[in-house]
Structure formats: structure tokens, C-alpha cells
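Me: I have a model open and would like to go through a few of its details. Could you take a look with me?

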Amino acid sequence: MSALVEITAASFNRGIKPALEGIHWTVRRGEHWLISGNSGAGKSTLIQALSGACHLSEGTLSFPALEQAGPSTYETRTRYLRVVSFRNDAGVFDPSTHFYQQRFNSFAADGTLRVAEFLQAVGFNEREPAHRALIEQMGLTALLPSECVKLSSGQSRRLLLAKALVQEPELLVLDNPYLGLDVPGRQDFNEFLDRLVASGEIHLILASTGREGPSCMTHRLHLDGCEITAAGPLSGFGKTAADAVDANVSGAALDALRNYFPSPKEVGGVLFDLSHVDVRYGSATVLNDVTWQVRRGEKWTLLGDNGAGKSTLLALLFGDHPQAYANQIHVYGHRRGPGQSIWEVKQHTGFTSSELHQSFAAKVSCAEAVRLGLFDDVYRRDEVTAEEQQRMHLLFEYFDIVALKARPFHAVSTGEQRLVLLIRALAKNPVLLLLDEPFQGFDDIAIRRARRLLSEVLGPEHSVVFITHYPEEIPEGVDRLATLVSGELSVSS
């Protein structure tokens, strides 16, 4: 059986530093591989090595099936192998020309790239039946006239996958493809991959934490500490060390943290109050007659499928949506509008989301990324107190990522970046946490630790709004439920 990819005794560098060493791996025709491992284990690095983004310092990396057809060039390899990575989502929202809140600013969308234009740049032809069928299967037909910057994280994921498939690669490589997808979206996505593989037109390599995947996968490669610790057919693939980790990790660090999350002061009563809120863009309704009140100490889950309006709702609360001023919205006892600074809202609020991650372009260390989150006004740079410094350190220690503090934020893995942004949201001990899919990219260990922290460290005076597409991620004690369906909110408590 001919090999599609062959790696022998290979070492790869990221910059001048070794990232993977002593890699042996062969992908043959008829095989579809799942690459698993915890955050920082080397999954994305291995994928970057396949695409040529990491320097090969020792050994060999070849594509025998491609080379049989003639000399391998950058252009032929690019057509042969297509990579879809979460890190590339930011490429749809080019940080050099767009800003974080632009998704919520309809006036700022003029001249921005539209979905159809994005696909046409790689050969999409709306008159081609196969292309139309692909776009329909991906659920993108209605979005073709939309601005890319306005898409939800799940919609962006589908767009990037469609871009790769339009180019008809022989080898499709997906890095964390489930980020941002709701339950129906994940099921549809897996069924789509199964149909794609069954057609015999493509081979699949998929990097994930191993929690989910299509039934078409035949083999698994597991990484730990940037080394391959197991590889072979899925049948009979035993548990890895990471699969068997006890949920009761870091108990001592959890105990230490409790002293650094006292009940927040200065804010009481109703934290935010929305009354008959509407958000529209032209004829499109995003939120319709939403009424919702959250009081101090309440802990809510906000559920809804992709595109239901969840991120828009949180943006209204956090101060990132201009239509907040055209609606009846009171935050911390004040009507949104003249007389209340956006920084007064952010002062008491911890926030993380996929949009914040995509737009976070500061060239700083992981520790500095967290420290900057303590400042509520871009013009203020207060000294960090000893209590804040210790709280930040204990959070890094609790998640077992102290070694990341000095590393550049942009140089760590996607899951590690999202973990740093969760620490950033927690670091100032806010009265209200707005957490929009905060566990995206986390491995199972990080999810267990984060759930325990939110359940056991936050006190009865802390409030939470928690968005997720995975019900099993909801921390214990988050006992109120709000659900968005097509922009309409229903509340149960």
C-alpha cells in the first residue's frame, strides 16, 4: 500500500528552538488518522510540520504518492495537502484591517470581504454543480452574501473547511475542527466527513483532544510532551496516561486559591437588566424582544445553536455592541448610554470569547497578557497589588502552566492561549464572569480543573454567565438556564 506521508527520524524547529524530535510516522492510502494529546503536546506543531511551516532540521519528510506523479514543488504540495487550523480563523478577520468589535458594527462592514468573494479567491464557482452541492452541505448557501467578519465562530469554521475542499486536496488535515460547533453542527460535521471519506476522494488527518471524531477514522497517533507515545489502528488502542488522569488533580492549589477570591465589593443588587431588547441589521433580526435580569450571586448557563445570538447578547452586556445604546439595558444599576463609561462596565466584569482570542494581537508574554486584563481603562496602568500578583501566580500554578508565564503568547498552543485568556478573565476577581465557550481548545485535564475552580472557588456573591455547546462542561452550581432560539430568549431558574 503506497504511502501518502512518510516521516523518518525527523526533528522540527519552531524558529531556532526544537519543537518535535525523533518523529517516525507513515500515513498510507486507506488510512485516516486521529492525532490526540493534551494542550501543548505538539498536535498543532506536527500539523505545521506537514504543511512546511516548521523547519526540518534532521531526518526526512516526504510525500511518496505525490512525488510519483512528478517533482514536488510548493504549488503541487499545496494542492495535494490542505490544512484547516483554528489559528487560521483570524485570517478571515484580518487583524491589520479589522477590529474586535467590528462583527457587531454594521456601519463598519462596508468594503469588507464577503463569504462568496472569500471562496471565489480559491476557485469557487457558484455555477458549478459540485461547488453548489458542497456549499449547501456545509450550510453556507444563505451566508454567501454575508461579510466574513460578521460570522459566528462555528460559521467561520465551516467557511474555512469549505475553502479547503473547493481546492480538491488528496489529503485534508484538520486542526481542532470542533471548536465553536454546536451539538447538531458536530453531528452534521462528522456525518459530512464520513461521506467525504466514503467517496474515496480524500484522506483525512484530524487533530483533536480525542473526545470526538467521525466514525471513518482508522488510526490514532498520541503525543505527550512533543513525543509520539503511541500509534496504530484504533481497534485495540488502549487508554493513554492522559485518558486515565484522576479528576481530583491540584487540590492543594485549589485550596490556596480560595483565599484570593473574596466576595467582590461595591456592586450589589441587579447586575444587568435587559428589557425588550432588539438587535437588527437591516432586515435580519439577531435578537428579538429579549428580556432578562441577572442578580448578584446568580450563575447562569446560556445555551443556543450557532448563530442564535449568544455572543451578540454578551457583547451588549460587556460594552462591545453599539446597539446597546438604542435599547433598554441597565448594567450595574446604570442605563447604557451617556454618563456611564465602558470602562466602568469592564472594571467589574471578567470576559473571554473566541472573538477576543482571534483579535488578541498584542506581542506580549502569557503573564503580561493576563496582567493587562487587570486594567479597566486603556489610559491607566496602575501598579499590580501583591494580592493580584499572587492570585495570577496561583492561577498559573493551579493549571500547571507556570512555565508558560515567560513565553510569548503567540508562540504557545491554541489550547494554552485559551487557558491564559480564562486566567485573564479571573485575575481581577470580578463580580461577574461572562464566559463565551471558555473551554474551547482545552484538554480533559484543563476542563476538569476549570470546572472545579468555577464550582468551588467562586463564592455566593460571584455571578457567572456561561456559554457552551457541551452540557457536560457546565460547572456544578451553575443552576439557572437561559436558552436562545433564533434570537428569542427563554428563561428557567
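Predicted model: local features only at pLDDT ≥ 70, side-chain atom pairs only at ≥ 80, totals over all residues.

Reply: Residues are numbered from 1 along each chain as its sequence is written, and side-chain values use heavy atoms, with hydrogens and water left out.

Me: Where is Arg391 placed?

Reply: Arg391 belongs to helix H14, residues 386-398 (helices are DSSP runs of H or I, at least four residues, numbered from the N terminus).

Me: Buried or exposed?

Reply: Arg391 is buried, at a relative accessible area of 3% (buried is under 20%, exposed over 50%, partly exposed in between, with a 1.4 Å probe and protein chains only).

Me: What lies 2.7 Å from a polar atom of its side chain?

Reply: That is the backbone oxygen of Ala427. Beyond neighbours within four places in sequence, Arg391 is in contact with residues including Leu257, Tyr260, Phe261 and Ala427 (contact means heavy atoms within 4.5 Å).

Me: Which residues make the contact of H14 with H15?

Reply: H15 spans residues 414-426, and the axes of the two helices come within 10 Å. Arg391, Leu395 and Phe396 of H14 meet Val420, Ile423 and Leu426 of H15.

Me: Changing topic, how many disulfides are there?

Reply: The count is 0 disulfides, a disulfide being a pair of cysteine sulfur atoms within 2.5 Å. Cys54 is buried, with a relative accessible area of 6%, whereas Cys226 is partly exposed, at 23%.

Note on methods. Polar contact = N/O pair within 3.5 Å; in protein donor to acceptor, adjacent residues only side chain to side chain. Axes fitted to C-alpha atoms, helices over the stretch in contact; angles between N-to-C directions.
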